[in-house]
Structure formats: structure tokens, C-alpha cells
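Here is a short tour for anyone who would like to get their bearings before opening a viewer. Have a look at the sequence and the structure first, and then we can walk through them together.

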Number of protein chains: 2
Amino acid sequence: MRSDRLGETLLPKRLALPIFASDALSSVAYAPDEILLTLGVAGGAFATTHSWQVTLGVIAVMVVVVASYRQNVHAYPSGGGDYEVATVNLGPKAGLTVASALLVDYVLTVAVSISSGVANAATVLDFVRGREVIVAVVLIALLTAMNLRGVRESGRAFAVPVYAFMLGIIGMGLYGLVQHLTGTLPAAESGSLTLVPEGSQELTGFAAFFLILRAFSSGSAALTGVEAISNGVPAFRKPKSHNAATTLLMMGTLSVVMLSSIIALSHWTGVKIADDPSRQLLRNGVPVGDSYVQDTTIGQLATTVFANFPIGIAFVSIVTGLILILAANTAFNGFPVLASILARDGYLPRQLHTRGDRLAFSNGILILSGAAIVLVIVFRASVTALIQLYIVGVFVSFTTSQIGMIRHWTRHLRLERDAKVRHRMQRSRIINSIGAVMSGTVLVVVLITKFQAGARYAIAAMIVLYVLMLGIKRHYNRVQTELAVDWESDRPILPSHVHAIVCVSKIHKPTLRALAYARASRPSFLEAVTVDVDPEETRELLAEWARHDIPVPLKVLASPYRQITRPILDYVRSIRSDSPRDVVTVYLPEYVLGKWWEQLLHNQSALRLKARLLFTPGVMVVSVPWQLASSAGAERAWIDEPPISGSVRGGGR
Amino acid sequence: MRSDRLGETLLPKRLALPIFASDALSSVAYAPDEILLTLGVAGGAFATTHSWQVTLGVIAVMVVVVASYRQNVHAYPSGGGDYEVATVNLGPKAGLTVASALLVDYVLTVAVSISSGVANAATVLDFVRGREVIVAVVLIALLTAMNLRGVRESGRAFAVPVYAFMLGIIGMGLYGLVQHLTGTLPAAESGSLTLVPEGSQELTGFAAFFLILRAFSSGSAALTGVEAISNGVPAFRKPKSHNAATTLLMMGTLSVVMLSSIIALSHWTGVKIADDPSRQLLRNGVPVGDSYVQDTTIGQLATTVFANFPIGIAFVSIVTGLILILAANTAFNGFPVLASILARDGYLPRQLHTRGDRLAFSNGILILSGAAIVLVIVFRASVTALIQLYIVGVFVSFTTSQIGMIRHWTRHLRLERDAKVRHRMQRSRIINSIGAVMSGTVLVVVLITKFQAGARYAIAAMIVLYVLMLGIKRHYNRVQTELAVDWESDRPILPSHVHAIVCVSKIHKPTLRALAYARASRPSFLEAVTVDVDPEETRELLAEWARHDIPVPLKVLASPYRQITRPILDYVRSIRSDSPRDVVTVYLPEYVLGKWWEQLLHNQSALRLKARLLFTPGVMVVSVPWQLASSAGAERAWIDEPPISGSVRGGGR
């Protein structure tokens with residue numbers, strides 16, 4: 001997208017909602033399962049009693065987080081991502097912590113969303129069952145290919161499945177409610193089964209409390225993606241902040257409604273989700289065994305509610321699968337954007353920054369999908385296993401960002417004199433403080449309940465990223481210091497003479513062109529050099545040189561060990577030590593070919609020579625290309641890629 | 001080794017024998033096993049009756065092949081390898097056929113020798129048993145590391161284990177003979193067992209004949225490596241040909257003696273080798289079962305002959321293992337040499353040719369060991385399985401070479417008038433004809449008996465290599481034609497002006513150096529250019545430029561899509577189209593750092609820009625390096641590698 005046209009594509013709320021909310025809304029596809037499954041460890045009765053408590057807890061956090069981010073949206077109309085908020089208000093180390101957490105979370109978003117999508121697809125697509133891992137890997141590969149090719153989904157492409165998903169879930173909720181009120185709602189397939197505790201008895205006291213906390217931690221997955229809108233403020237139509245805050249509220253409301261619908265329906269239909277279904281679920285007192293197939297909660301609910309309306313079942317399953325894939329896709333946009341911002345700030349290799357270049361984004365996309373595929377394979381596409389690693393990062397980011405917001409308001413309050421504005425700021429600061437305390441508490445709960453179960457791997461990954469990025473930053477700083485010009489002493493001295501050397505192995509067009517260009521540059525001294533590896537060939541070369549009256553002297557360098565690079569290096573150094581104020585220019589003819597494998601067959605000596613010459617001070621290396629016929633057209637493939645525009649999400653501004 | 005000192009290290013026969021013969025002699029460590037095992041398929045009685053016939057057949061072929069190669073040695077005192085003989089006398093396609101066969105055979109030499117070495121080691125080293133594959137892979141990895149590091153074994157290091165092996169085998173034979181004559185030779189451990197046929201009954205008629213032929217094919221493994229001496233003639237002391245021919249005769253005699261000793265001892269001690277020992281070997285009529293451990297023939301013989309002299313057992317086992325490792329090592333010398341010769345002739349990427357450069361040899365060594373490791377893993381380090389792929393290549397090479405030799409003599413006979421010389425040539429031609437017929441026959445026998453069992457894989461590999469190498473050759477030829485200078489029309493025109501551009505992103509030492517060097521080169525036009533990706537940064541750059549009075553105009557290129565490469569390319573092309581007779585010189589400041597990972601963090605934009613500029617005609621790209629502090633010392637690591645000298649063996653001269 002052209003910089004000067006970026007402003008033309010501002011989003012109305014009805015498009016902004018699906019674009020920014022797919023990640024957050026999609027989590028209702030797996031959060032209820034994880035709540036029910038975790039509580040089910042202590043048996044069916046326990047799950048029924050406590051699932052509402054846990055859901056209310058999640059909703060409470062959701063309300064607070066949404067309220068808090070509405071403050072972010074107003075404070076940073078430029079789109080203050082968590083990374084930016086943390087960096088500006090709490091310093092670069094806090095920013096880097098958030099960035100590490102977000103990078104890890106993007107990978108988990110892909111892994112969890114795709115795994116959940118595959119599990120949901122299995123409800124209607126039988127062949128997926130038992131092949132979840134491979135299907136998930138193939139889906140990630142397809143997403144990767146789409147994003148590498150640069151297929152940019154328009155807002156509309158996003159809008160249809162997201163609204164369809166809302167329609168499906170809320171429609172199912174309403175239809176179920178009607179059936180429930182009229183007493184026609186059947187029991188779920190698993191409703192007639194008994195869910196026994198994993199241990200032999202129900203838990204009590206502290207163990208029960210701990211289990212409830214774990215269920216709450218898993219349920220907090222419903223909050224992932226809430227921060228997306230706060231990154232995307234600049235993409236909204238004016239008044240940007242206001243519209244973004246409204247959209248955020250809509251998203252929060254929708255999440256709460258959908259989550260509550262699913263939990264309510266589960267209660268009414270008696271859906272049972274077990275960690276180990278074959279042994280924990282009893283039919284008439286006997287375990288159902290390995291042949292039992294446990295569908296996802298949404299799958300079971302759709303089958304029950306739409307028992308007489310199979311199109312409804314298919315619709316809900318398909319849109320659930322679609323929105324989960326969209327959610328994964330948001331990470332494919334967000335990860336490279338965040339990587340680009342981190343690269344701009346010197347925490348990642350600078351080449352990840354260049355916006356206009358597809359290559360930069362390609363690297364980010366490949367790293368993301370590679371990591372997600374590894375996770376899916378290692379955790380066998382199990383949402384329950386992956387969710388143990390998730391959430392930590394989200395709440396590290398939430399908490400840091402909210403603490404940053406408190407600082408933000410405190411700083412601004414110091415300067416602000418207008419009582420009305422001060423009042424608003426103080427109110428915002430209170431909301432952000434509640435947000436910080438709340439998300440900090442959730443973070444602690446998540447850490448305590450999930451550290452052993454998997455969160456430690458996510459934390460380890462964050463620490464590795466943190467250290468790595470800090471190391472890169474330090475390296476760049478060191479280099480910058482070393483390269484800084486001290487204008488007192490560093491005024492460069494112009495070399496007195498240019499001593500040019502053309503490297504020749506045989507006489508052909510590239511050599512003649514290199515000689516012509518070297519002559520056109522009119523150096524102070526010019527000679528051609530060749531290395532005498534094979535005396536026979538050297539004799540022939542000299543004879544041909546003389547025969548054609550080439551107007552440049554040809555010098556033969558001895559090579560007692562039949563090396564090529566070394567004699568040239570030694571010769572260049574001898575020139576340098578004879579006249580240290582001169583600069584030596586080495587002309588290397590290079591072939592340009594069309595195919596990469598053709599490149600492998602050529603230029604290797606030149607490349608090696610160049611790599612070594614660059615270490616010698618006072619030397620310039622000139623590549624004189626000769627374009628072979630096969631190179632025509634190949635350059636178009638290199639350059640004429642469509643320019644890219646990063647969509648806004650992630651930790652960025 | 002310095003070219004002018006290569007002559008000083010000529011080998012006396014006593015050193016040449018172990019250096020060139022380790023491969024050929026080592027095959028007596030597995031050839032007898034394969035003869036006995038193959039015949040044993042038809043039962044113990046069949047094996048006893050026919051193993052002498054098969055051995056005599058192998059010896060007959062050995063005598064003919066040795067006699068034939070003595071002619072090669074005299075005809076090509078420069079060391080005419082099979083590749084050279086075939087190319088010169090039968091044309092490049094025949095040469096390429098031999099080369100493909102030899103490359104495949106080098107890989108198999110490593111795989112077979114190491115697998116056999118491991119099997120022999122298992123006789124005395126219990127922990128090896130059951131871990132043959134991993135031990136073999138580790139050994140190959142160690143050999144690879146040694147050869148990559150360039151540890152050059154001296155002649156003496158070779159001599160000791162080879163002579164020790166001869167001493168061990170012949171000593172064991174003599175000691176066994178004495179015991180046999182005095183009636184004190186005990187039966188082998190497997191002597192008391194009955195070897196039953198794999199089918200229920202002994203074979204007769206054609207099936208029996210076919211089995212004998214198969215055993216003969218496997219036994220022909222004893223001939224691998226015979227050609228080595230013919231490649232090494234230049235390394236002999238004068239009279240080179242005469243000494244080489246004598247050494248060849250010694251080697252043949254030793255092979256025959258050792259092979260006969262082992263087969264004779266096997267007869268006397270009743271050694272039984274079964275394809276499927278647990279079921280084919282009966283003890284008192286009952287199969288020995290899976291707990292039975294089948295040692296190699298040499299292992300069983302040593303245990304029997306040196307029953308009261310355990311040091312003898314250890315000695316024979318150790319020297320057998322050592323010579324097999326040495327045999328594998330010859331392939332590590334031969335493969336890169338042959339690859340280098342093929343690269344010289346344009347059949348492999350040219351960079352494999354450069355002799356003085358360790359890198360060229362490293363690539364060859366890595367390809368060889370990678371392929372050998374794959375074979376060892378796929379065939380589970382089983383000599384019996386691997387031997388089915390072996391030998392084909394050897395006899396393709398033998399046969400082609402001998403046919404080439406017939407042509408050689410015929411050609412020379414046309415010119416030769418001296419009757420005595422003509423007589424000698426005619427005699428040589430008869431010997432080579434017999435050699436060609438004999439090795440051709442063996443080749444047909446090997447193809448018929450082994451095609452299905454595995455030879456087809458080896459043949460497929462040869463065909464793939466053949467096609468690949470032909471494709472590379474054609475590519476090089478096409479390029480050569482395209483680059484050839486037509487002196488009538490191609491006299492290059494000197495460009496009228498040099499238009500120089502220095503690419504600038506910020507002002508630091510590398511930029512200043514690039515500007516200084518560009519100014520020193522005194523181009524017709526000189527300007528600095530920067531791409532306006534971020535207006536803020538561009539403004540700062542312009543201000544700094546003005547403040548420091550940099551005496552080169554700075555041009556800002558617009559970049560509406562925030563690309564870097566494209567605007568520069570477009571600008572360069574606009575210059576070219578305005579003044580097509582000028583040449584454009586693009587100066588790129590480059591950082592030089594010490595570590596490869598540091599390089600990853602820099603120069604990526606410059607590299608990308610350069611890669612694309614090279615496609616544009618009329619452009620030179622100048623790298624102006626800035627050496628950072630960390631680069632000091634790193635260059636030494638790049639360059640100060642000891643020069644390499646290829647040892648002589650393989651298809652080359």
C-alpha cells in the first residue's frame with residue numbers, strides 16, 4: 001500500500017469488529033471445553049456445580065480488561081500496542097518482556113486455534129478423526145503458503161465468517177433457550193453418561209479450590225486477542241478512539257454472551273467433557289471404553305440443539321472451523337508486524353524491518369509457522385495440552401501494559417491543570433489500576449496452576465527470546481558506537497592514487513567487459529592479473545593476450561601450492577604496503593544466470609576471493625556483471641513482487 | 001604440497017604396496033564369508049563341495065585382471081586411471097560411464113568396508129553386537145572429521161597395519177596348516193553344527209548352477225581395488241612402470257594366497273556361515289535359535305586356530321578391523337580426486353576442481369560420507385546386503401577400461417614399425433582382450449545374479465549421476481559458447497562516462513570511506529543517493545549532510561511503497577536510458593564482521609540490492625568494506641588453512 005494512500009482505507013465499525021475480533025471471539029470455541037474438562041477431573045457433579053462460578057470469574061476479568069483497554073484506546077489514538085505502552089512508560093526492558101511474551105503467544109495462537117479447528121471439524125468430517133496432527137500441519141502449511149503468496153483478505157472476506165459464527169452460536173443459544181423453556185430440549189449424547197472423578201473420590205478443600213483455579217486459568221483463554229483493537233485504532237474511521245472503544249465494548253459483550261450461552265446450554269443438555277473419556281465416562285456403570293468418541297462442546301451442543309435440523313449442525317461446525325482458521329491467520333499478520341517493529345528498534349535482525357520488502361515478511365511467516373508446526377506435532381494437536389502453555393504470555397502482556405498505563409496517567413496528571421480532564425484521567429487511572437491488579441492476579445493464578453503442566457516451556461521460550469533480542473540490541477549498539485563519526489579526527493583522507501587490478505582466468509566477453517569498464521574508470525595504475533595454477537593454460541592465455549593486442553598489461557602471479565585466492569591476496573597486500581595511501585580496486589567479472597542451480601555452477605571462486613578481499617583494509621571490490629541469456633526474465637521474478645503492507649495488530653503502533 | 005616438490009616424495013615398492021593395496025587386500029576379510037554364506041543357502045554339503053570351485057574362479061579372474069592392469073601400467077606411465085583410459089580411447093561418454101560407476105563404488109567401498117570392520121570387531125568387542133549401525137555411522141563420522149581436518153596419513157602409518165594384516169592372515173594360515181598336518185587342528189565352534197538348506201532340499205541343476213554363479217559374483221568382491229596401483233604409477237620410484245607392475249603382481253599374489261588360506265582353513269575346521277543362522281544351523285538336529293551369535297569367518301578361524309593363544313585372536317581381529325578402516329579411507333582420498341578431475345573436465349561444478357583449496361575437497365568428503373551413512377543405515381550395516389550393490393561398478397569400470405586398452409594398442413600398432421615393439425604390443429593387446437572378455441563375462445554374471453537383489457539400485461544411482469554430469473557439462477558448454485569472443489564484432493566499446501552513485505542510509509564511517517573512495521576514483525559524475533522510507537530520518541540525514549559540508553551532492557529518491565531496492569534500481573535505469581553509452585558505478589558500503597551470525601545481522605539490504613543490480617546491463621557494483629574491530633583475526637581463520645594435496649587413486653591421473 002502506498003504510504004500516502006494508507007489513510008483512504010479507514011474501517012467502519014461493522015468491518016473493524018470482524019477484522020480485529022476474530023481471535024478473541026474464536027476462543028469461545030475452546031474455552032468452555034477446557035473449563036468443563038478441567039473441572040470434570042473431580043467428577044460430573046463437581047463440574048456442574050462449579051462451571052458457572054468459573055465462567056462468572058472469566059466474565060468478570062473480561063469486563064475489567066475491556067474497560068482497561070478502552071482507556072488505552074483513548075490514551076494512544078495512534079494505536080499503542082502493549083509493546084509500545086510498556087516501552088514508553090516502563091522502559092525498554094519492560095517492552096522487551098512484553099515483546100517476548102507476544103511473540104511466543106502468536107505461535108501458540110496458531111497452534112491452539114488450528115488444533116481446536118481440527119477438533120471441531122472432526123464432528124462433521126469423519127476422516128479427520130485420528131489424523132488430527134497431519135490435518136493441522138497441512139492447514140498451517142496452507143495458511144503459510146497463502147500468506148507467503150501475499151493473498152490479502154479484504155475486510156469483507158473476514159466479515160462473513162465472523163458474523164456467521166456469531167449468528168451460529170447466538171442462534172444456537174436462542175433456539176436452545178426456546179427449547180429449554182418449552183421443555184423440548186433433548187439431553188446431549190453424553191448427557192446420559194456418568195462422569196466419574198479421575199481419582200477415586202471427589203476432591204474437597206484446597207485440592208478442589210486449586211482445581212477451580214486451574215479451570216479458571218484455562219477459561220481465561222477467552223481473553224486472548226482482546227488487545228487487538230487497541231493496536232488497530234489508526235485503522236478506524238473518525239472519531240477513531242471513540243469508535244475503537246465502542247467496538248471493544250461490542251466485542252466484549254459478544255464474547256460474554258456467547259460464552260454464557262455455551263455454558264448454559266451445556267448445563268441444560270448435560271454435556272460431559274472428560275480428560276480421559278474412555279475411563280472416566282460410564283454408561284450404566286461401565287466405562288465407555290476406547291471406542292467412545294468425545295466431540296467438542298460446540299459439536300455436542302449443535303448435534304443436540306439441531307437434532308432435527310442437520311443443516312444447523314453443519315453450519316455451526318463449519319463457521320467454528322472457519323473462525324478458528326481466521327484467528328490463526330491474525331497471528332500470520334501480527335507476528336511479522338511485531339517482528340518488524342522489534343527490528344526497527346534493533347532487537348531483531350534489521351532485515352526483518354524493511355516494510356516494502358516481501359522477503360522480510362516471508363522470514364517472519366516461516367519462523368512463525370515452523371514453530372507452530374513443531375508445537376502441534378509435539379503436543380499431538382491437543383488443545384488441552386497446548387492451552388497449558390498459552391495465556392501466560394497474554395497476561396504478562398496485559399499486566400505490564402496496564403501498569404504502564406498507570407504510569408502514563410500519573411505522568412500526564414503531573415502536567416494537566418484542567419480539572420475536568422484531570423478528573424477523567426484519575427478515573428482512567430483507577431480503571432487501569434483495577435485492570436493491572438486483576439490481570440496481575442490472573443497471571444499469578446495461571447503461573448501457579450499451570451507452571452508444572454506446561455507454562456514453564458512458554459516461560460523458558462520467552463526468556464530465550466528476551467536474552468537473544470537483548471544480545472542483538474547490544475551488538476547493534478556496539479557497532480553503532482564503533483561506526484560513529486568523530487568529526488574532529490575522522491575526516492577521511494582521500495587516497496592519492498587508485499591502483500586497479502582486473503582478475504582474469506581466461507579471455508571471454510565478461511573479461512573484456514571488465515577490462516573496458518576498468519579502463520573507463522581511468523585509474524592511476526591498471527593491470528590484469530592471472531594466477532598460474534596450470535603452466536600450460538597460463539602460456540596459452542599469455543599468447544592469446546598478445547595476439548589480440550589487449551591494451552592492459554597482464555601480470556602472472558605464481559601459485560606454488562596451486563591456490564587461487566592466496567596469491568591475489570598477497571599481491572594486493574604488497575601493493576598496499578608499497579603505497580599505503582593508495583586504494584586498490586579489484587575488478588571481478590561475474591556471470592549472472594537465471595536459475596539458482598546455475599548460479600551454483602559459477603562465480604564460486606570470485607565469491608570466495610571477494611569474501612577474503614573484504615577483510616583487507618584499503619581495498620574496493622568491483623563486480624562487473626555479464627548477463628547471460630538465461631538471466632533475462634529471471635530478474636522480473638526477483639523484483640516485480642507486489643509491495644506489501646502490514647496489517648495492524650500485534651505489539652505495534 | 002608445492003607443485004615443484006611433488007617429485008621428491010616418490011614411493012619405494014615396500015611403501016607403495018600398503019598404500020595402494022589396502023583396499024584390495026582388505027576384501028579377503030569379507031569375500032570368503034559371502035562365498036560360504038551364498039553357497040550355504042543350499043546346505044552345508046553344497047557349500048563344502050563348491051566353495052573351492054568358486055574360489056578358483058575368483059582366483060582365475062584375479063590373475064587375468066592383474067595381468068591386464070600390468071599392461072595399463074606400462075601403457076600409461078602417467079597413471080592412466082580407468083576414467084582417463086576410457087575417455088581417451090572410447091570417447092567422453094565411455095569415460096563418463098566409468099566415472100559414474102567409480103563414484104558409486106567409492107561410496108560402497110566405505111559402506112562395505114566399515115560394515116565388515118564392525119562385524120569383525122564384534123568378535124572381540126562384545127558391546128558392538130546389536131549396535132552395528134550406530135558404531136558404523138560413528139566410524140564414518142570419525143573418518144570424515146579426520147579427512148576434513150586434513151590429517152594426512154604418512155606412508156608409514158599405512159604400512160604398519162597392512163603388513164600386520166598380511167602377517168596375521170598368512171601366519172594364521174601357516175599355523176593352521178601345521179596343526180592340520182599334525183592332526184591337532186580343532187574343529188571350529190560352528191564345525192559341529194549342521195547347515196541345512198534354506199528351502200527344504202538341496203538344489204540341483206540350473207538352480208544350483210545359478211547359486212554358484214551368485215557366490216562367484218559375491219566372491220569377486222576380492223577384486224575391488226586392484227585398479228588402484230594403475231592410478232598411482234607417477235608416485236612410484238623409477239623405473240615407475242616396472243615397479244608398479246611388480247607391486248601389482250605382489251598384490252595379486254598376496255590376495256590369492258590369503259583368500260586360499262582362509263577358504264582352506266574353513267574347510268579343515270568346518271566353519272559354517274549361514275544366511276539365517278538361527279534357523280539354518282542345527283545343533284543335534286535342533287535349530288540353534290536367536291541366541292546363536294555368528295562370527296565372521298576370520299573371527300571363527302582365529303578363535304579356532306589360536307584356541308590356546310588368545311593374543312593371536314585379538315591381533316587378527318584388530319588388524320582386520322584396521323585394514324578395513326584404511327580401505328574405507330582410500331575412498332576418502334579417491335572420491336575428491338576423481339570429483340576434482342571430473343570438475344576439471346566440466347562434468348561437476350567447477351569449484352570441486354580447485355586443488356589448492358580445502359573447501360573443494362571438503363564438499364567431496366561430505367557428499368561421500370553422507371551417502372555412505374545413508375547406505376549403512378538403510379542396509380543396517382549388513383555386508384551381505386551391501387555387497388549386492390557393490391562389484392557392478394567395479395566391473396563396469398574394469399570392462400570399459402580393458403576395451404579401451406584394446407583400442408589403445410590397435411591405434412599404436414597402426415603407427416609402430418619396430419617388430420619387437422609391435423610384438424610386445426600385440427601380446428599386450430591379447431592380454432587386455434582376455435581381460436575385457438573375462439571382466440565383461442563377470443559383469444554379465446554379476447548383473448544376472450544380483451540385479452534383483454540390489455544391483456539395480458547401484459545401476460540407478462549410476463544412471464542418475466551420468467545424466468546429472470552430462471547436464472552440467474552441457475550447461476558449461478552452452479555458457480562457454482555464449483561467452484566466446486568473436487574478435488570481428490565483439491571489440492568492446494569503452495563507455496564514454498562513468499556515472500557514480502554512493503548509496504547512503506546514514507552518515508557513519510563506512511559511508512565516509514565509500515564517499516572518499518568514490519571521489520578518489522574521479523568519475524565523470526558523482527552523487528550520493530538515499531531512499532526516503534521515513535521522512536523524519538531523511539530530514540535529519542539532509543540536515544547532517546549540510547552541516548558537515550560533505551562535498552558530494554545528496555539526492556533523495558522517493559519511495560511511495562517504502563521499498564529500498566526498487567527506487568535505486570529505477571534511478572540507475574533512468575541514468576542508463578538517458579545516456580546508454582555511460583556505465584553506472586554503484587558504491588555500497590559494507591560491514592565486515594568476525595562471526596557468521598554477526599554477518600547475518602548486517603549488509604542484507606546491500607546484498608539484496610547488489611543481487612538485483614547485477615541483472616541490469618551497464619552497471620558495476622563496488623563493495624567498499626569497513627572492517628569492524630571484531631573482524632580482526634577472523635580473516636586468518638578463513639585463509640590460513642594448510643594447502644592440500646590430493647593423494648593419487650581413483651579414476652584420475
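How many residues of chain A are in contact with chain B, and how many of chain B with chain A? The contact takes in 93 residues of chain A and 94 residues of chain B. Please keep in mind throughout that this is a predicted model.

**Where the two chains meet**

Between them, chain A and chain B bury about 8,700 Å², and 60% of that area is on carbon and sulfur atoms.

In a salt bridge of B:Glu590 with A:Lys610, the side chains meet at 3.7 Å, N to O.

**Salt bridges over all chains**

Over all chains, the count of salt bridges comes to 14. One within chain A is formed by A:Arg344 and A:Glu84, whose closest N and O atoms are 3.9 Å apart. A:Arg344 belongs to helix α13 (residues 310-344) of chain A and A:Glu84 to helix α4 (residues 82-90) of chain A, so this pair ties together parts that are 260 residues apart in sequence.

**Helices that pack against each other**

| Helix pair | Angle between axes | Axis distance |
|---|---|---|
| α2 (residues 31-40) and α3 (residues 44-75) of chain A | roughly 135 degrees | within 9 Å |
| α2 (residues 31-40) and α3 (residues 44-75) of chain B | roughly 135 degrees | within 9 Å |
| α6 (residues 132-149) and α13 (residues 310-344) of chain B | about 45 degrees | 11 Å |

Let us take chain A to begin with. The helices α2(A) and α3(A) are oblique to each other, and α2(A) passes α3(A) in a right-handed crossing. On the α2(A) side, A:Ile35, A:Leu36, A:Leu39 and A:Gly40 make the contact, and they meet A:Phe46, A:Ala47, A:His50, A:Ser51, A:Val54 and A:Thr55 of α3(A). The residues of this contact divide into six nonpolar, four polar and no charged.

Over in chain B, the axes of α2(B) and α3(B) cross at roughly 135 degrees, which makes α2(B) oblique to α3(B). Their crossing is right-handed. Here B:Ile35, B:Leu36, B:Leu39 and B:Gly40 of α2(B) are in contact with B:Phe46, B:Ala47, B:His50, B:Ser51, B:Val54 and B:Thr55 of α3(B).

From α6(B), the contact uses B:Leu139, B:Ile140, B:Leu143, B:Thr144 and B:Asn147, while α13(B) brings B:Ile325, B:Ala328, B:Asn329, B:Phe332 and B:Asn333. Sorted by type, the residues of the contact of α6(B) with α13(B) come to six nonpolar, four polar and no charged.

**Backbone spots to look up**

Most residues other than glycine have a negative phi, and most peptide bonds are trans. With that in mind, which kind of peptide bond runs from A:Lys238 to A:Pro239? The bond is cis, with omega near -5 degrees. You will find A:Pro239 in the loop between α9 (228-231) and α10 (240-269) of chain A.

In chain B, the bond joining B:Lys238 and B:Pro239 is a cis peptide bond too, and omega is about -5 degrees. B:Pro239 has its place in the loop between α9 (228-231) and α10 (240-269) of chain B.

Finally, turn to A:Ala381, a residue other than glycine with a positive phi, near 55 degrees. A:Ala381 sits in the loop between α14 (358-378) and α15 (383-386) of chain A.

How values were computed: Residues are numbered from 1 along each chain as its sequence is written. Chains are lettered from A and ligands numbered from 1 in the order in which they are written. This is a predicted model: local features need pLDDT of at least 70, side-chain atom pairs count only at pLDDT 80 or more; totals for chains, interfaces and linings use all residues. Side-chain values use heavy atoms; hydrogens and water are left out. Axes are lines fitted to C-alpha atoms, for helices over the stretch in contact, and angles run from 0 to 180 degrees between N-to-C directions. Helices (H or I, at least four residues) and strands (E, at least two) are DSSP runs, numbered from the N terminus. Angles under 35 degrees count as roughly parallel, over 145 as roughly antiparallel, 65 to 115 as roughly perpendicular and the rest as oblique. A crossing is left-handed if the near helix is turned anticlockwise from the far one by less than a right angle, and right-handed if clockwise. Contact means heavy atoms within 4.5 Å. Buried area is the accessible area (1.4 Å probe) that two parts lose on being put together, summed over both. A salt bridge is a side-chain nitrogen of Lys or Arg within 4 Å of a carboxyl oxygen of Asp or Glu. Ala, Val, Leu, Ile, Met, Phe, Trp, Tyr, Cys and Pro count as nonpolar, Asp, Glu, Lys and Arg as charged, and the others, Gly among them, as polar.
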